[in-house]
Amino acid sequence: MPVIHGIDLEIEDGEFVVLVGPSGCGKSTLLRMIAGLELISGGEIAIGARVVNELPPKERDIAMVFQSYALYPHKTVVQNMTFALKLQRLPKAEIERRVKQAAGILGLDGLLDRYPRQLSGGQRQRVAMGRAIVRQPRVFLFDEPLSNLDAKLRISMRTEIKELHQRLKTTMVYVTHDQIEAMTMADKIVVMNSGRIEQVGAPLDLYDSPQNLFVAQFIGSPAMNLLKGTLTKQSQSAIMTEGGLRIPTMVSPDVSDKTDLIFGIRPEHVRIDDAGFPATVVVVAPMGAETQVTFNADGTEFVAVFRERIRAKPGENIPLIFDPERIYVFDQQTGRRL
């Protein structure tokens, strides 16, 4: 049974591309196909001008960094980094030059004689990256490399990998299920779902202009609020939600009056306004730099994000408006953005 369906994707030389999507969407399978670890039943995979369908992984000029690090436990850091180079029978001076360069980039100079068991998770991941760097491949492939790290270390390693890309200017394809990781690292994001590509674009393009409901819900944290309702086109366009809430909007898709649609609004585009509709506070979640508040209005729940401090309490009523220029409209049947 096919796992990947009709993928047509072009990655530019030197680009940092992130494949993102929920578990089981096919992103790791696609990465393994590029690497040659999975056979393809049709189509072509080309690296540069060379079609590599029939080539084994070692001949594809790629280097892969795995989630599990995949280090040899009985070898030191320097032995792990030089193992593949020695198999290639490179001159000793060239091996030493490459190791010194990679160790300097990754801050591994003082760790070269240690064994993996003597390293932290972040240090092991840097060694795995160093082992890839010394091979000087045409393409780096990363398969959820930060999944085993704690939250603080993940953030710092994101920065390190992005800085590494800026230094090396080598093509990188990175797989993650974490859309925040994708947004902060990628030049281009490929959103996948059920073995298909839903949308490809720059991080902010996907955030500002999702093509369908799946991308709208997946990209953004907290997620876009989605409300079922109808669009009325009388003196002023407005949304009437299933609960009877009337929301003015400046969005006017080419549909007939009172068509059933799904409306989206990002949490940061909900504002406090004395002229707005009354909404009841359900949950207040202080996040430090911002505050997330869950509201209920006429049976419709949604989340708002405020940069200022909000001293609201559950049960309190607050007047709100949805930014009328920031409302998204989707077809209820196809999920396509109108």
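User: How are helix 4 and helix 5 oriented to each other, roughly parallel or roughly perpendicular?

Analyst: Helix 4 and helix 5 are roughly parallel to each other, where angles under 35 degrees count as roughly parallel, over 145 as roughly antiparallel, 65 to 115 as roughly perpendicular and the rest as oblique. Their axes cross at roughly 20° and come within 11 Å. Axes here are lines fitted to C-alpha atoms, for helices over the stretch in contact, and angles run from 0 to 180 degrees between N-to-C directions. Helices and strands themselves are DSSP runs numbered from the N terminus (helices are H or I, at least four residues; strands are E, at least two).

User: Before I go on, what kind of model is this?

Analyst: It is a predicted model, in which local features need pLDDT of at least 70, side-chain atom pairs count only at pLDDT 80 or more, and totals for chains, interfaces and linings use all residues. Residues are numbered from 1 along each chain as its sequence is written, and side-chain values use heavy atoms, with hydrogens and water left out.

User: Thanks! Back to the helices: which residues make the contact between helix 4 and helix 5?

Analyst: From helix 4 come Gly121, Gly122, Gln125, Arg126, Met129 and Ile133. Helix 5 brings Leu153, Met157, Glu160, Ile161, Leu164 and Leu168. Contact means heavy atoms within 4.5 Å.

User: What span should helix 4 have?

Analyst: Helix 4 covers residues 121–133, and at 1.5 Å a residue it should span 18 Å. The expected span is 1.5 Å times one less than the number of residues. The end C-alpha atoms of helix 4 are 18 Å apart, which agrees.

User: And how do helix 2 and helix 3 lie, oblique or roughly parallel?

Analyst: Helix 2 and helix 3 are oblique to each other. They pack at an angle of about 135°, with their axes 10 Å apart. On the helix 2 side, Val78, Met81, Thr82, Leu85 and Lys86 take part. They meet Ile95, Arg98, Val99, Ala102 and Ala103 in helix 3.

User: New topic. How many salt bridges are there?

Analyst: The count comes to 11 salt bridges, each being a side-chain nitrogen of Lys or Arg within 4 Å of a carboxyl oxygen of Asp or Glu. One of them joins Arg154 and Glu181, with the closest N and O atoms 2.7 Å apart. That pair links distant parts of the chain, 27 residues apart: Arg154 is in helix 5 (residues 151–168) and Glu181 in helix 6 (residues 179–185).

User: Which other residue in helix 5 pairs with Glu181?

Analyst: Arg158 in helix 5 does, 23 residues from Glu181. The Arg158 and Glu181 side chains meet in a salt bridge at 3.9 Å, N to O. Both Arg158 and Glu181 are buried, and Arg154 is buried as well. Through shared partners, salt bridges join Arg154, Arg158, Asp178 and Glu181 into one network.

User: Is Glu38 buried or partly exposed?

Analyst: Glu38 is partly exposed, with a relative accessible area of 33%. Glu38 forms a salt bridge with Arg32, the closest N and O atoms being 3.2 Å apart. Arg32 is partly exposed too, at 28%.

User: What does His165 contact?

Analyst: Leaving aside neighbours within four places in sequence, His165 is in contact with Gly14, Glu15, Phe16, Thr170, Met172 and Asp187. His165 sits in helix 5 and is buried, with a relative accessible area of 7%.

User: Last one: how many helices and strands does the protein have?

Analyst: The secondary structure comes to eight helices and 17 strands. Buried residues make up 47% of the 338 residues.

Methods
Buried < 20%, exposed > 50% of the residue type's maximum accessible area, 1.4 Å probe, protein only.
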